[in-house]
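Notes below, in the order I looked things up.

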Amino acid sequence: APTVIRGGHGPDVTDFESHFLRTMRSADERQAKLEGLLPRGGASPWEACVELFPAAKDEHRFLALSETIAHLDFGVSEGRFRQSWRGDVEVYSRTRGRE
């Protein structure tokens, strides 16, 4: 078990279990938010990113898009989302939820 985690943001982490649970809770909350934002017909990663991070500007948009794609892909692996293609555009949609 790790005794110290030195992250790129914030102080060192010495309570790994608490940090892990906070991280998982945060990821689950972001997944739920993204699930609620996806329209019935699905959305491209870019469209989902604009909805999930509406205030992201310029140089921060790349980071926002990267995080959005990670959450979409994780959601697919967890069965929350499905990925398909609309022509040459990748589209993600909910597997459950509001219709």
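Predicted model: local features only at pLDDT ≥ 70, side-chain atom pairs only at ≥ 80, totals over all residues.

**Entry 1, α1 and α2.** I looked up helix α1 (residues 16–37) against α2 and found that α1 passes α2 in a right-handed crossing. On the α1 side the contact is made by R30, K33, L34 and L37, and on the α2 side by A48, E51 and L52. Sorted by class, that contact has four nonpolar, no polar and three charged residues. The two axes come within 10 Å and cross at roughly 110°. Angles of 65 to 115 degrees count as roughly perpendicular, so α1 and α2 are roughly perpendicular to each other.

Next I checked helix α2 (residues 45–52) with helix α3 (residues 59–78): they pack at about 110°, axes 9 Å apart. That makes α2 roughly perpendicular to α3. I noted a right-handed crossing for α2 past α3. From α2, P45, W46, A48, C49, V50 and L52 meet R61, A64, L65, T68, I69 and L72 of α3. This contact has ten nonpolar residues, one polar and one charged.

**Entry 3, pockets.** Which residues line the largest pocket? I got H19, R22, T23 and S26. By class the lining has three polar residues, one charged and no nonpolar ones. I wrote down a volume of about 170 Å³ for the largest pocket.

Conventions:
Residues numbered from 1 in each chain as written. Heavy atoms only, no water. Axes fitted to C-alpha atoms, helices over the stretch in contact; angles between N-to-C directions. Helix = DSSP H or I, 4+ residues; strand = E, 2+ residues; numbered from the N terminus. Parallel < 35°, antiparallel > 145°, perpendicular 65-115°, else oblique. Left-handed = near helix turned anticlockwise from the far one by under 90°. Contact = heavy atoms within 4.5 Å. Nonpolar A, V, L, I, M, F, W, Y, C, P; charged D, E, K, R; others polar. 1 Å grid on protein atoms, 1.4 Å probe; cavity = no way out; pocket = protein on both sides within 12 Å on 5 of 7 lines; lining within 4 Å. Points joined across faces, edges and corners; volume = space filled by probe spheres on them.
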